[in-house]
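Here's a quick briefing for anyone opening this structure for the first time. Have a look at the model, then read on.

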Amino acid sequence: MEGINFNQIGVSFKGSGSYVPDQILTNQKISQKVDTSNEWIQSRTGISERRISSVKDNVNEMGYQAALTAIEMANWDINTIDLIILATSTPHDLFGSAPSIQAKLGAANAVAFDLTAACSGFLFALITASKFLKGGSFKRAVVIGADQLSSFVDWNDRRSCILFGDGAGALAIEATNEFDNFIGFDMRTDGGRGSFLNLPSKNKKDSIVDEIDFLSGGFSEIQMNGQEVYKFAVKEVPLILEKLLKKMKYNSDQVDWLLLHQANQRILDSVGERLKIPKEKILSNLEKYGNTSAATIPLMMDEAVRDYRIKQNDIIATSGFGAGLSWGAALIKWG
Ligand code: ACO
């Protein structure tokens, strides 16, 4: 295996990539489907439009495209990639979609697997990959967040269907023995509050032969208690970020960018206010894409890297949060 080196101490961020489907669902168009308005959606969420996967844009394809552009930015030989983690709640194959992406990339020397933690998934995957790198097991990793929630949204439920969109993002990260740009992290779950946001299985009882029942597989639509999720996010996200900053001995004015899971602009503003991080430092693109679940953080990061807002050595405080309930935070330095 390439890259086993127990002197590796840190992680370096080498590339970012992203992909969104072409189909644009505007607030005006959603208003043709459910009783809502552009004004209501914009004022309550900050979202104007979202992307919706067509047949060709499943999680494999979106994840592949995002990974490829991240690898191109990193300028890596595809054969040097050791690890691919795909964070998704909507795999194209329930047995795992990451190996298909590995095959499509031609990353023959990598091990690839899926990780599910809803909207915290990308952050949890990034932390997992960084541990493999810092532990010396692997040298190069691609972490992908990709989701296609449009397949599971209840398009008749105006309280939830306005929020979600499809997309993918990816980061290419590398082990190094010179410095550590993965400064610190924290991660939490509370299954006791899990019923606030679910995408549960929908099983139908059937029988195989006499007296032997089985449950046929399938999934329901997204079920969400929006107010409870909102309250959870505005309470827990500032807390976990504050704790992390304190632990790593950083002040919030040393943070160049606050990069939160893009769920709702009001959540972003509230967390920024609580941390005393000014609006100009809060990265947001949910106006264009809505909540793309595991994809939001790398999708936003890629946009800000490519338009030169995020520069080498910028400090980014990031937090993912969502179903589980799950939440986490990481403090990183770009480059
Ligand atoms: N258009 C018009 N009216 C609406 C809409 C809509 N799309 N949706 C709800 N309303 C109505 C309600 O019926 C209600 O009317 P009523 O008072 O007559 O009963 C009124 O607006 C207020 O409804 P609330 O649910 O209180 O609206 P709220 O201000 O809480 O906003 C929202 C709802 C946007 C969903 C908000 O609660 C939110 O963003 N929560 C967080 C959800 C979230 O981020 N989920 C994803 C987490 S990440 C993951 O893991 C996938």
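**Starting point: I30**

I30 sits in helix α1 (residues 27–30); helices (H or I, at least four residues) and strands (E, at least two) are DSSP runs, numbered from the N terminus. This is a predicted model, where local features need pLDDT of at least 70, side-chain atom pairs count only at pLDDT 80 or more, and totals for chains, interfaces and linings use all residues. Residues are numbered from 1 along each chain as its sequence is written, and side-chain values use heavy atoms, with hydrogens and water left out.

**Around I30**

- I30 is buried, at a relative accessible area of 2% (buried is under 20%, exposed over 50%, partly exposed in between, with a 1.4 Å probe and protein chains only).
- Not counting residues up to four places away in sequence, I30 touches L25, T36, R50, W155, C161 and I162 (contact means heavy atoms within 4.5 Å).
- V271 is 241 residues from I30 along the chain, and their C-alpha atoms are 28 Å apart.

**The cores**

- The largest nonpolar core has 45 residues, and F164, L241, L258, L260, V271, F321 and L331 have the most contacts inside it (such a core is a set of buried Ala, Val, Leu, Ile, Met, Phe, Trp, Tyr and Cys residues joined through side-chain atoms within 4.5 Å).
- Elements giving two or more residues to this core include α7 (226–247) and α8 (265–275).
- α7 supplies the largest share of this core, eight residues.
- A second, separate core of 36 residues includes L83, A125, I297 and V305.
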